[in-house]
Amino acid sequence: MALDEEKIKGILKEKGLKVTRQRLVVLNALASKPDSHLTAEEIYDLVKTDSPEIGLATVYRTIQLFMELHLIDRINLDDGFVRYEIGDMGKTKKNSHHHHHLICLSCGRVMSVEDDLLDELEAEIARTTGFKVTDHEVKLYGYCKECGGNLIEKNKTSE
């Protein structure tokens, strides 16, 4: 994923924040792994290669700032780690697009699904109950194509 540094700089300046090399390096590390869901330590490992002066505490502070600015999202994949991914780049939760995660129970692979199929359900809930959904997170567990295919083959050979 190509990072629009000018947009990021604009968001930081608009909020009265400095545009620092450390902030850009952390965001670029996340952008360099768009299909990964990285822990703070994994982000740190990526940035310290090119910027050994950046400490883990700086990475944590930068992550917190970027979450507050809606530049990155925090996700929990039920593996005991807090993970992060590039968000909707400054959009508020009110106008952001949700995406969901598919988690393979065999190999642990995590895939993002960009289609948000819950918009109609949220509208129906609001209409029937008056409850306004402001956010949701969906994780679907199962088997990826590779592992699902292996399970089917195993079941055929064991019959």
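This is a predicted model: local features need pLDDT of at least 70, side-chain atom pairs count only at pLDDT 80 or more; totals for chains, interfaces and linings use all residues.

Q: Noted. How many helices and strands does the protein have?
A: There are six helices and five strands. Read from the N terminus, the order is α-α-α-α-β-β-β-β-α-β-α.

Q: And what share of the contacts between residues at least 6 apart join residues at least 24 apart?
A: That comes to 49%.

Q: Let's go inside. Which residues of the largest nonpolar core touch the most other members?
A: That core has 26 residues, and the ones touching the most other members are Ile43, Val47, Ile63, Ile72 and Tyr84. Helix H1 (5–14), H2, helix H3 (40–50), helix H4 (56–68) and strand S2 (82–86) each give two or more residues to this core.

Q: Which element gives the most?
A: H2 does, with seven residues. As general background, nonpolar side chains in soluble globular proteins tend to be buried together.

Q: What is Val47 in contact with?
A: Setting aside neighbours within four places in sequence, Val47 contacts Val25, Val26, Ala29, Ile54 and Val59.

Q: Now something charged. Where is Arg23?
A: Arg23 is in helix H2, which covers residues 21–31.

Q: Is Arg23 buried or exposed?
A: Buried, and Arg23 has no salt bridge. The nearest side chain of opposite charge is Glu68, at 9.3 Å, while a salt bridge needs the nitrogen and oxygen within 4 Å.

Q: What does Arg23 touch, then?
A: Not counting residues up to four places away in sequence, Arg23 touches Leu12, Leu17, Lys18, Thr62, Leu65 and Phe66.

Q: Staying with charges, how many salt bridges are there in the whole structure?
A: A search of the whole structure gives nine. One of them joins the side chains of Glu42 and Arg83, with N to O at 3.4 Å. Glu42 sits in helix H3 and Arg83 in strand S2, so this pair links distant parts of the chain, 41 residues apart.

Q: How buried are Glu42 and Arg83?
A: Glu42 is partly exposed, with a relative accessible area of 32%. Arg83 counts as buried, at 12% relative accessibility.

Q: Where are Arg109 and Glu146?
A: Arg109 is in the loop between strand S3 (100–104) and strand S4 (110–113), and Glu146 is in helix H6 (residues 145–158). Their side chains meet in a salt bridge of 3.3 Å, N to O, and the pair links parts of the chain 37 residues apart. Both ends are partly exposed: Arg109 has 40% relative accessibility and Glu146 has 44%.

Q: In what sense do S1 and S2 pair?
A: They pair in the antiparallel sense, over five bridges. Within that pairing, Arg83 in S2 is the bridge partner of Ile75.

Q: What happens at Asp78 in that hairpin?
A: Five residues lie between the strands, and Asp78 takes a positive phi near 60°.

Q: Last topic, cysteines. How many disulfides does the structure have?
A: A search of the whole structure finds zero. Cys104 is in no disulfide, and its nearest cysteine sulfur, that of Cys107, is 3.7 Å away. A disulfide would need the two sulfur atoms within 2.5 Å.

Q: Are Cys104 and Cys107 buried or partly exposed?
A: Cys104 counts as buried, at 4% relative accessibility. Cys107 counts as partly exposed, at 46%.

Technical notes:
Residues are numbered from 1 along each chain as its sequence is written. Side-chain values use heavy atoms; hydrogens and water are left out. Buried means under 20% relative accessible area, exposed over 50%, partly exposed in between (1.4 Å probe, protein chains only). Helices (H or I, at least four residues) and strands (E, at least two) are DSSP runs, numbered from the N terminus. Lys and Arg count as positive and Asp and Glu as negative; His and the chain ends are not counted. Contact means heavy atoms within 4.5 Å. A nonpolar core is a set of buried Ala, Val, Leu, Ile, Met, Phe, Trp, Tyr and Cys residues joined through side-chain atoms within 4.5 Å. Two strands pair if DSSP finds at least two bridges between them.
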